[in-house]
4 protein chains.
Amino acid sequence: MRKMAVIGLGHVGATVAYTLVSQGIADELVLIDTNEKKVVAEKLDFEDAMPRLPYHVEIKTQDYAELKDVDVIITAFGDIDASVRTGNRFAEFEINTKNAVEVGKKIKESGFSGVIIDISNPCDAVTSILQETTGLPRNQVLGTGTFLDTARMQHVVGDALGQDGRNVEGFVLGEHGNSQFVAWSTVRVNNKPITEFFTEEELEELGKKPAEGGFKVANGKGYTSYAIATCGVKLAQAVLSNAHFFGPVSTYVEEVGTYVGYPAIVGAKGVEKVVSLVLTDEEKAKLEQSANYIKEHLDSLK
Amino acid sequence: MRKMAVIGLGHVGATVAYTLVSQGIADELVLIDTNEKKVVAEKLDFEDAMPRLPYHVEIKTQDYAELKDVDVIITAFGDIDASVRTGNRFAEFEINTKNAVEVGKKIKESGFSGVIIDISNPCDAVTSILQETTGLPRNQVLGTGTFLDTARMQHVVGDALGQDGRNVEGFVLGEHGNSQFVAWSTVRVNNKPITEFFTEEELEELGKKPAEGGFKVANGKGYTSYAIATCGVKLAQAVLSNAHFFGPVSTYVEEVGTYVGYPAIVGAKGVEKVVSLVLTDEEKAKLEQSANYIKEHLDSLK
Amino acid sequence: MRKMAVIGLGHVGATVAYTLVSQGIADELVLIDTNEKKVVAEKLDFEDAMPRLPYHVEIKTQDYAELKDVDVIITAFGDIDASVRTGNRFAEFEINTKNAVEVGKKIKESGFSGVIIDISNPCDAVTSILQETTGLPRNQVLGTGTFLDTARMQHVVGDALGQDGRNVEGFVLGEHGNSQFVAWSTVRVNNKPITEFFTEEELEELGKKPAEGGFKVANGKGYTSYAIATCGVKLAQAVLSNAHFFGPVSTYVEEVGTYVGYPAIVGAKGVEKVVSLVLTDEEKAKLEQSANYIKEHLDSLK
Amino acid sequence: MRKMAVIGLGHVGATVAYTLVSQGIADELVLIDTNEKKVVAEKLDFEDAMPRLPYHVEIKTQDYAELKDVDVIITAFGDIDASVRTGNRFAEFEINTKNAVEVGKKIKESGFSGVIIDISNPCDAVTSILQETTGLPRNQVLGTGTFLDTARMQHVVGDALGQDGRNVEGFVLGEHGNSQFVAWSTVRVNNKPITEFFTEEELEELGKKPAEGGFKVANGKGYTSYAIATCGVKLAQAVLSNAHFFGPVSTYVEEVGTYVGYPAIVGAKGVEKVVSLVLTDEEKAKLEQSANYIKEHLDSLK
């Protein structure tokens, strides 16, 4: 049976949990947050919903020992207000470094041997800290990273062409943050390079939008929740069903020596394989720069 | 195709919309709120999610004219803080009377001829006002009413017996508010009367829990959202598919002369039929009392 | 993760498998049939479908050793032509006794310790043989039994009243075969006894329909598949999610000393509890008679 | 609300209908077949399933007049045995030309103005005849065409690389039949051209598999059903939700002057746009050859 956990029940974590419950994705669900009242309230709300749903999910709360035989943990702790206020997800770095170390230790103590999917920001850095603190193999700890930014790119490119975002392939790479970039050489629409649809100037404009998108949403509603939760759940499903899913996630990329948004194949054991892209020199430089930004922050902890 | 609308995009309305989008229930979705920034942000968040979802939903915003050919409107406006702070959903009566009149008029002007499912509180009163203001036939305007409270009753009774809430049938009747009551004579578990499982004292204790349940959740997380949204969506689906669904909703009950939580059959035209229950004298009295409480408030408007 | 198996890939077994694949219910699926060509073809057909589905399912074939860590096995072997031709599901008794013994032994050898849900006919007898042959505790081996016939009863009663079958509660009890009967004392619609809706004569007529229903379908299309597969999948989901689901299944009922269709609570370990009904004397007699019919056949094997 | 129809209830049509019912995709479903007994039996089987499903679907049978306000018709009539026996889908040409003309006329008489998705074989020719006979605009009549063959290509390429078929993009073009071909210049895996993964010889071998795949399945089980039904349903959903879905379907391609498998964008009005591909000369020649094969057959009717 599918046993899953969500750690951190803010807007994002709660939406992840709701998706897992309302669509019958989890059979057993462990909810953990420092705000005990919130966790208990969410559990009750889900259980009040259940007589109106076609699925049953066993919900447990606040018990790290339950993680021992969990298949997938989704971490979504943090202080989004800081990120939204400053327009920089590294505004959560200090608090979430502390959170990640604490949570990571407790996960380790539980004997957990599954896959962690981190949503907490700054995503790449927090994923890295969780991997180190839990001591799990790198492949078993990944982050949503630019999986969301790539969806935003697909959305804005699709919109600009009067098409659905799913008709757009390609990647946003780098930090799930301001140093991210669209690797336009990888982007294709309807089986054609993106350059057949837009001029370089237009691409430059379009290229800013994925990174801006998150703050546009956050400024309007105070946070982002539905798209990021959807991304987290999709990756969790890829792990549960060993889907060999190909997409950009925050994973450890040897070439740049850090966790960073880059395409990989995701299956039961997390990242099966990081898939090397053929990038332009400019894109390579941007990736390195973005990776360095993440590494500098991580180094500052030592 | 299924064209739906959500008016009021607070926690509940947004969760309703997310459910409709993430499960592909709506083909076209109109979102309306007085907070334009919030609506635009939710739309973007949904559209950012779509490249990761298997469904496409056309999302439109802030345009009452779009309601003309909508199948189902879910209304979820209001000021939940007032209800939570006071522990009485009639704390929202003044503000939501105003909202309901405004929204109702605009719905009427749009030429809408579908079904309205009201979630806004105080649910029975607001549903009544929406019906009057829109001029739609009574059957086409209903509220979630005690559909949620009944789920809560199923949940707490199920829990007390170590069973799933779906094994419990029967109804919470009356106001979706403090004067509601469990009609224990209608409640059965595993094909047996509830009195085979609990003493009268135990039932008295259990009977308080559904009404308390909402505030327990709201006190823990500041509002309730998942169970109520699930109830609203389930009724909307019953309308869309003409499901002849039997359940307790806020509907106009002739015997007591007001909208109130009572079992009905719900189909394409809203309430097909109010189903008379055989109640005990005590239950009849409680229902009347609860109905009077609603009527008094509605009368105070005249 | 959810690992499931289907043994017997005729119309029913294949439909069960399609449901598990197309709705992403299973993560891993083991398919077994004596007709190897058929199994391989179904696997290919499912895999050809997958690029158009939102789910990934790992499909394995013909390997009993894979059952070791399977959560739920659904058995659907048999020779439906014999049943349809004769109008009696015991026409498959001889062949399926043989099948059940063979299959049961191989399940046992695999080290399987999950739950078996039997669909093969005559359902109650085959479920009994599977339990004996596998040596699994009685609760871990159940059959769809009158879960389907009860759905048929709900359907015909609902139809007669212009309502949805889900508005009808109550049970068909006894053999999943010609000696089954509707226990009208348990049947209720809209929270009222069925006798408020129909005369005794009408009930007598209606009562024949569930048993006839299967043959009506089978005569028209050569077999039945969709309703029975839906029943099997629903029970499997109840097991996977430990749903404490209350419904009529083929389970061992102490009072009558055999597997027979009777209400029970189904969870992770199969039948958690057989729930005693209060039946009329006539119903008790019918149940005993139906149970005896099953027992006589089972005794004839010794 | 979503009103859909399936004409032709063999293995494929019935599986399409089951998918629409079991996943709550249709609100109203019209089933039509020359074998009245079969249709009635399928309807009963679906209705027997409904009390165990979370969805309600109104099912109507054999009434062409009901098509008037249907959104999408899926046609799946034919004699698959002829195709399987001969290994050539044009073996059904004679019978299905007749069927298509009859069905097309009746659709026209009903006043239907929605979208037809044809599955019947030979798919491209039958789609063409349905378009002519119904007099509907070309965009409103499309066929599954090489949408299925492309899924098979994705499956076999994915398998050869130990990846999921969804990681493979590109197209099988031409006839949904023996003259189809993989346009390898369009095929990419993990954002790279297929030629980085396979030699030309290997591609030649792989290229035969999609066309063979159907017969491999059909030889093993007597027909194909799950993958083709899944393809038909996915296109129907694209129409219902105006998804602007990009994929290969059987559509009228001006350059080659016939219905043939080619990428298009599918939305509420059927084919929004045929998307021109940049093909190699060899691929262009193959496409023309395949188109000619279809045209010759269609010309033979005149």
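On the side of chain A that touches chain B, at least two residues each come from helix H1 (11-22), helix H2 (36-49), helix H6 (146-160), helix H7 (200-221) and helix H8 (226-240) of chain A, and H2(A) gives the most, with 10 residues. Helices (H or I, at least four residues) and strands (E, at least two) are DSSP runs numbered from the N terminus. The residues of this side of chain A divide into 18 nonpolar, 14 polar and 14 charged, with Ala, Val, Leu, Ile, Met, Phe, Trp, Tyr, Cys and Pro counted as nonpolar, Asp, Glu, Lys and Arg as charged, and the others, Gly among them, as polar.

## Extent and symmetry of the A and B contact

The contact takes 46 residues from chain A and 46 residues from chain B, contact meaning heavy atoms within 4.5 Å. Chain A and chain B bury about 4100 Å² between them, 56% of it on carbon and sulfur atoms; buried area is the accessible area (1.4 Å probe) that two parts lose on being put together, summed over both. In chain A, the residues that lose the most area to chain B are Tyr18(A), Arg52(A) and Tyr226(A), together 21% of what that side buries.

Chain A can be laid on chain B with an RMSD of 0.0 Å by a turn of 180° and a shift of 0.0 Å along the axis, the superposition being by least squares on the C-alpha atoms of residues with pLDDT of at least 70 in both copies. That is the relation of a two-fold axis, and the same surface serves both copies, since 98% of the contact residues of chain A recur in chain B.

## The contact of chains B and C

Between chain B and chain C, the contact takes 21 residues from each of chain B and chain C, and the area buried is about 1700 Å², of which carbon and sulfur atoms give 49%. In chain B, Asn190(B), Asn191(B) and Phe246(B) lose the most area to chain C, together 29% of what that side buries.

This interface holds 2 salt bridges, and the side chains of Glu169(B) and Arg188(C) meet in a salt bridge at 3.9 Å, N to O. There are 8 residue pairs in polar contact between chain B and chain C, both at pLDDT 80 or more. Strand S7 (168-173), strand S8 (181-189) and strand S10 (245-253) of chain B are the elements that give two or more residues to the side touching chain C, and S7(B) gives the most, with 3 residues.

## Gln163(B)

Gln163(B) is found in the loop between helix H6 (146-161) and S7 of chain B, and at 10% relative accessibility it counts as buried (under 20% relative accessible area, with exposed over 50% and partly exposed in between, using a 1.4 Å probe and protein chains only). A polar contact of 3.5 Å joins the side chains of Gln163(B) and Asn190(B). Not counting residues up to four places away in sequence, Gln163(B) touches Gly158(B), Val189(B), Asn190(B), His244(C) and Ile265(C).

## Conventions

Residues are numbered from 1 along each chain as its sequence is written, while chains are lettered from A and ligands numbered from 1 in the order in which they are written. In this predicted model local features need pLDDT of at least 70, side-chain atom pairs count only at pLDDT 80 or more, and totals for chains, interfaces and linings use all residues, while side-chain values use heavy atoms, with hydrogens and water left out.

Note on methods
Salt bridge = Lys/Arg side-chain N within 4 Å of Asp/Glu carboxyl O. Polar contact = N/O pair within 3.5 Å; in protein donor to acceptor, adjacent residues only side chain to side chain.
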